[in-house]
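Here is a short briefing to read with the model open beside you. Take a look at the fold, then follow the points below.

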Amino acid sequence: MRNTDEGKSKTKMGNTKTIKSALISVFDKDGLAPIVKELDNKGVIIYSTGGTQAFIESLGVNVERVEDLTSYPSILGGRVKTLHPKVFGGILSRRELADDQAQIAEYDIPEIDLVIVDLYPFEDTVASNASHDAIIEKIDIGGISLIRAAAKNYNDVVIIPSKGQYASFLEMLQSNQAETTVEDRKRFARDAFEVSSHYDTEIFKYFNAGEKEVFKQSVRNAKVLRYGENPHQKGIFHGDMDAMFDKLNGKELSYNNLLDVDAAVNLMDEFKNEPPTFAILKHNNACGLATRPTILDAYKAALAGDPVSAFGGILISNALIDLATAEQINELFCEVVIAPAYAGEALDVLKSKKNRIILVQKEMELPKRQFRTILNGVLEQDKDLITDDRENLETRTKLPPSENQIDDLLFANKLVKHTKSNTIVLAKNGQLLASGTGQTSRVDALRQAIHKAKSFNFDLNGAVMASDAFFPFPDCVEIADAEGINAVIQPGGSIKDELSINYCDEHGLSMVFTGNRHFKH
C-alpha cells in the first residue's frame with residue numbers, strides 16, 4: 001500500500017520553486033532594504049531600473065540594469081521602463097511548457113522568479129487636491145502590468161505587489177532558503193489582484209465622478225468581528241475604524257455595537273456646532289437626547305428621557321466629558337461612550353469598568369452615499385444630508401410658533417430624521433420626552449410616544465411634535481392637542497394637508513412645514 005504522507009510530501013516538493021532572479025521596481029522604498037539584502041545573501045540576481053536601481057546600489061548590492069536587458073532606455077519621461085518582451089517574457093514563461101522554454105532560449109530571455117513592485121500613489125494624489133495633469137501622471141502603467149503578469153503566472157513566479165506583503169515575504173525568505181510553494185505564490189497572487197482591482201476602482205471613480213450608474217466600491221481594511229447580528233452569523237467590518245476613533249478602553253466592538261455607534265455618530269453630527277448635547281441610543285434609536293448649558297446637565301436630561309432603555313446603551317456627547325459627568329455615567333451600565341475629548345480624571349473614572357468601550361471621535365467627514373444589499377442586488381442612495389433650519393420653515397397656521405417653540409421644533413426634527421419610520425418625536429425645552437419608533441401607522445407611533453412620555457411622568461403641556469412624513473388625516477393633531485401639545489413640524493405634501501391645518505387653526509396650535517420628508521427604513 002502506498003504511503004499517503006509520503007505522497008503528499010512529494011507533491012509539496014514538486015510545487016516548490018527556488019527564487020533565482022528578481023525584478024524590483026518600486027515608487028516607495030520604505031521597508032525594502034532588508035528584503036534586498038536577504039535576496040543578495042541568497043545569491044539572487046536582481047534586475048532594476050531608475051530610482052530603485054540607485055537605492056539598491058546604495059546598499060552595496062549588485063544590480064542588473066533593465067535597460068541593459070532590453071537594450072532600451074527609460075523613455076517618455078519615465079512612462080515606459082519595463083514594458084518589453086524581455087521583461088514580460090521572463091515573467092510569463094511557463095517553466096514546464098517546452099514551447100515556452102524554447103522561445104525564451106531563442107530570444108535570450110532570462111526567467112524572472114520574483115517581482116517586487118508597487119503602484120504610484122493615485123489615491124493620495126487625488127486626496128491632495130492635485131491638478132488633473134498631476135493625477136493622470138500617477139496612473140501606473142508598468143507597475144500594474146507587472147503585477148498582473150506575475151500574478152497570472154503564480155505557478156512559477158512570486159509577486160509582492162505592495163509594502164503590505166513585505167513582512168510575510170521576508171519571514172518566508174529567512175526561514176525557507178528562498179523557496180516557495182505554490183500555496184505561497186497563490187496567496188501572494190490573490191493579494192496582487194486585490195491591489196490591482198482596488199487601484200483600478202479608484203481610477204474609475206475619479207473619471208466617473210458619479211456620471212455612470214454602476215456599483216463599484218473597494219474597501220481595503222477589514223476586521224473580523226466576534227459574530228454578526230446574532231451569534232450564529234459571521235460578521236466583518238470593512239473600513240478604517242482608526243480613522244474615525246481612538247479606542248481608549250474596553251472590549252472589541254461588536255456588530256450591533258457598530259450599528260449603534262453609527263446611528264449615534266450620525267445623530268450627533270446634527271448637533272456638531274450646537275451647545276452641549278448628549279444622546280443615549282439603543283437599537284439604533286435615541287432613547288434620550290438633550291441640549292443644556294453644560295454637558296453634565298445635558299447628560300442628566302438625556303438619561304431622564306428613558307432611564308430604563310439607557311441600560312446597556314450607547315452614550316455620545318458633542319463636548320468634552322468632565323469629571324462630574326463621568327461620575328454620573330459611571331453609575332449606569334453602558335456599552336460605549338463616545339466624545340470628542342475627556343478630562344484626565346474623567347477617563348480614570350470611566351476606565352474603572354474594564355469592558356466599557358471608550359472612544360474619542362476624530363474630526364472626519366462622514367460618507368455622503370449609502371448602500372444596502374437587497375434581493376440579488378444593492379440599493380444605493382444619497383445620504384439624507386438636509387438639516388431643516390429656520391429659513392426653510394413655512395408657517396401654515398394662523399398662529400405662528402414662538403421662538404422657543406421653533407427651537408424645540410428644529411430640535412425634534414433633527415431627531416426624527418434619525419429615528420426608524422414611522423416615527424413621531426415629542427420634545428420640550430431642548431429635551432426628548434419620548435418617540436414612537438418603527439410603527440406601521442403614524443397614529444400608533446404617536447400613541448406609543450405619549451404612553452412612554454407619561455410613564456416617565458413628563459408633562460406634555462407645551463411640548464412640540466415632529467413627524468418624519470405628512471399627516472394624511474387630522475387624527476394625529478387631534479390626539480396631540482388632547483395631550484396639550486401645541487406646536488407641530490412636518491414635511492407637508494398630503495392632498496389633505498388642509499384638514500390638519502384647519503384643525504390647528506380651530507384649536508390654537510401652530511404648524512410649520514419643512515417640505516422635506518425624512519423616512520428612515
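In this predicted model, the buried residues of helix 2 are covered by elements that include strand 2 (21-25), strand 3 (45-48), helix 3 (50-58), strand 5 and helix 10 (166-176).

**Helix 2**
- Helix 2 spans residues 33-41, and its buried residues include A33, I35, V36, E38 and L39.
- After helix 2 comes G43, which has a positive phi, near 75°.

- Five strands form an open sheet in the order 4-3-2-5-6, and their pairing is parallel.
- The edges are taken by strand 4 (64-65) and strand 6 (158-160); each has a single partner strand, so one side of each has no neighbour in the sheet.
- Strand 5 (residues 114-117) runs parallel to strand 6, and three bridges join the two.

**Cysteines**
- How many disulfides does the model have? The count is zero, with a pair of cysteine sulfur atoms needing to be within 2.5 Å to qualify.
- C287 is in no disulfide, and the nearest cysteine sulfur, that of C334, is 11 Å away.
- Likewise, C334 is in no disulfide, its nearest cysteine sulfur being that of C287, 11 Å away.
- Are these cysteines buried or exposed? C287 is buried, with a relative accessible area of 7%, and C334 is buried too, at 3%.

Key. Residues numbered from 1 in each chain as written. Predicted model: local features only at pLDDT ≥ 70, side-chain atom pairs only at ≥ 80, totals over all residues. Heavy atoms only, no water. Buried < 20%, exposed > 50% of the residue type's maximum accessible area, 1.4 Å probe, protein only. Pairing = 2+ DSSP bridges. Helix = DSSP H or I, 4+ residues; strand = E, 2+ residues; numbered from the N terminus. Contact = heavy atoms within 4.5 Å.
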